[in-house]
Structures are given as C-alpha cells and as structure tokens.
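Try each task before reading its solution.

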Amino acid sequence: MTTCTALGLGLRRAWMQPTLKTTQRIVHLLAHEHSGCPRQSQKCQSTYTQSMGFVTSSNPGVRLGVDKSECLMDEDIAVKVTGLSPNERVTVLATMDRDGNIFWSHGLFRANDCGVVDLSTDSPIRGSYDETDPMGLIWSMVAAPWLPAHTRMFQSRAIKPRIITFSVFPESDSPSDYLTDKTKLLASIEHKRWYKSSNTRRIPIDHPRLQGTVFLPEGPGPFPGVIEMYGGLVPIVEGRAALLASRGFATLSLSYVEGKGLPQTMVNFELSYFEEAAKWFASLPAVRSDGLGVLSLSLGGTMALWMAQTIPNIRAVVNINGMPYTHRFWTHNGVDIGCKTRTDVSLIQTNHEGMSVKYMFVVHDDSYLKPWSHGANLLTISGGDDLMTRMEHNIRFYEEFMPQDYRQKKTEFVVYPGAGHLIHLPNTPLCRVVEGADKIQEALNMTNPKHQYNNLLLSGGYPKEHAAAQRGAWQRSLNFLRKHLW
C-alpha cells in the first residue's frame, strides 16, 4: 500500500485549509514525487530538423515544426522554431477552436545561438506557464479573453481530434492581440490529438436498458475489460475509455445519468443497472470473462466501489476522487439500501468563483462501502485541492474501516498535491470550475438556492500541479490495470 497508517493526523491537519501550501505539506507526508521531463542537449546539431514536420508562413527564414503531425492524447510532442536570429525573442501561441470557442496559451522565448527555440528544453521568459515542459502550451490553455473565464474545453464523444495550431509571432507585451491580428505571423503549423488510434473500434451500445459505447483494440481478442464512468453532471465522456482501448483494453464507457430512461438527477439510482452492465460487458466475445476492471471519476468512483463490493467478477478498481460511501434514495433491485448519509445545506460554501459542496455530506459509519468483499484490488487517487469531495472521508475509509490485511496487500492510496477534482487525461487543461450548481440544488430540493449568480461549482486545482497529477495518475492507472488484469 502506498499511504495510510500514521498519516491520518497530519493529513487531517492539512486538508482543513485547501491551499497550495496545504498540498505542498501533503506531498511531504506521502513522499510522492513527480518525474521531470528529461532535458535534451542545447547544442546545434545537424539532425535538429530531421523527422520534424515544418510549415513556413509569411517569413521565409522562420520555420515552425512539430515532430508528430498527429498523435494520441497521452503522447508528448516536440515543437521547435528555427531560422531565427541568435538570441531573438519570439512569441509562440497555441490555439484551438472548440464548438466556436477559442482557447489559447502563449509563451515568450529566446532563441539560442543557433537561432532555435525548442519547447522541449527551453523555459518561457513569461507566458501561460513558467518552467520547461514540452506540453506546457497545451495543458495551460484557457478561454480567449472575450469568453467567460470558466468556458470549458469539453468533449463528450471520442470521434474527432483536438486540433491545435501553433503560431510564431514577434515579441509582444499584448500576445492576445495575435488571436485576431495575424499580420505579423512568422510561421504556423497544425497538430491533431486523438482520443483513439485509427485501428481502435468504437461501437455504440444497442441494448434495451444500458447506454454507452464500447471501444475495442485491433484484433480478435479477447482483451482485458475495463468499465469506465464519468461523474454525475454529464451523461457520458468517452475520451478515457477510448484511450484505454488504444492501449490494449476492451472498454465500456458507461452512461448512468441524464440519458433517456436513466435517472435525471444524482439521487435516484437503481444499482442493479451496474450489475447488468458488468454481466453484459463480460459476456462479449472480445472481452475476457475472468475478471473486469473499473476506472471511474467522481460519482462514478463511488459506483465503482459499490460494484467491487457487490460483483465477484470485479478484480481491479481505480477510484479517482470518488466518495467511498453510499447516498440516500439509492435502491438495489427495487429495495432502498437504507443509507444514512445526509446532506446539510448550511455547510455549502460560496465565494466569487462559485459554490463548493465539499463539506455538505454528513456520513454515517454504516454508509461506507466495502470493496474488499470479493478481494478486488483498489487504487484510490485524490486531488490535494479537490473542492468537491473531502479527502478526510477516504482517509477514514482506509484507516478505520478497511481490513488491515487487505489495505496492506491490495490497495494503493495516492494524493497529488495541488490537483483538483476533475483529474482527466494527460495534457488536458484544468477545469477549476464547472457548470452545475443548479443540478446540485435541484437534486437536493433546495428551496433557497445558495448560489444564484453564475451556476458554477468549484472543482479546484492549480494548473501546473494539476497537469503533473493528470500525467502521473494516467500512467499509474495504466500500470495498475495491466498488473491486475493482464
């Protein structure tokens, strides 16, 4: 096991104030380290431009290259500018159009003695991020200045790629001007990032009750199977399931809320739905029947723990910021499960950013789930700055309720300092706030809404720390599922 034992007191002190300083304390408690990107030589080399795709724009001497014209979402790329004067300073922009909304990031860089800017080895002088990171311009993207700051780069289906344009301009104190004025453009190039490989099959479910999408790797199989679920504010998000399939797993991106015939709020769940989903998925010829994995986020993580408690065929669970307890009004085969968890709306907090539901659940001891019932292996991933769920609940879950032998032999508990609630795929921008305050208040039947201004829920996270967490959590999840399912 990775964490718990004598960590309780220190962690409890730490989570009381969700600040960056707090999460830095947590990292010392957990001795968790993020690997840095290896630096490459700064020397001029004759092979510098080999295998790079270059596009030249208005300035014939300046060239901008990306080593991969397209790749999967979890892959790094190398972006280089050549043909500059030694020590010349230029602005590099990354932009993306998502449903008519523009997202962008920028960095001011200084060329080396050979007139080269290499984003894999060069730190920006100033910009959207501040340290050497080959993917910095991608994960630091935010909404264009004319859009609401909370505008989200959201993509439900894993059909189309994210298309990012890298551009080079002269140094400027107002780089956002280049979003609309291209007259000083020196060079630009387009790069596509896919959720699934070209040979990964996407198959929408045709089932009288279940809703979702199956993704299968190339070949006949059978493959190790993983059920993937998102949180409770949207019907489905396919990206993680598609990328898992591209890495060798048969996956089911399972929708369980808001779809046709599904619960329309996060309250009235019939849990036999998840049993039926696991049974149906394991019966597919392309899926190995000797044990499934579940990888889920937020409320989906809670459902994953319930599945491990109830379904003997669940061998591995990755729970990302999911609550380890059940909620009221859930039924199983039509019978109320008798949960004693309650909500105290007086504990909902609001500030200028939005509404936080982190402290509103009052959890009875009998409400905690028991994923050890059938021996499933468990990886718990928590964001140190999660503003939707309380880390204390997972600490109690591990330290007070979980059998010691199970905790030591079959579990991992990892906290990523500075990460928020929505730990997504690598190299995706932070969503510090999300729309959905109205859905929470509707589900709770609140007659006097706490937050009526911007419909935003606090998710938490700091961009650089959250980006590191997403990269680390994805690789850790892959390794965990491979270890226990392959």
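Two exercises follow, each with a worked solution.

This is a predicted model, where local features need pLDDT of at least 70, side-chain atom pairs count only at pLDDT 80 or more, and totals for chains, interfaces and linings use all residues. Residues are numbered from 1 along each chain as its sequence is written, and side-chain values use heavy atoms, with hydrogens and water left out.

**Exercise 1.** Work out where pLDDT (the predictor's confidence in each residue, from 0 to 100) stays under 50.

*Solution.* Next, pick out residues 1-43, where the value stays under 50. That stretch still has 84 contacts (heavy atoms within 4.5 Å) beyond four places in sequence.

**Exercise 2.** Describe the largest cavity by volume, lining and residue class.

*Solution.* First, the terms: on a 1 Å grid over the protein atoms alone, a cavity is a set of points where a 1.4 Å probe fits but cannot get out, and lining residues have an atom within 4 Å of a point. Volume is the space filled by probe spheres set on the points. The search finds six cavities of 30 Å³ or more, and the largest holds about 220 Å³. Finally, sort the lining by class: eight nonpolar, four polar and four charged.

Technical notes
1 Å grid on protein atoms, 1.4 Å probe; cavity = no way out; pocket = protein on both sides within 12 Å on 5 of 7 lines; lining within 4 Å. Nonpolar A, V, L, I, M, F, W, Y, C, P; charged D, E, K, R; others polar.
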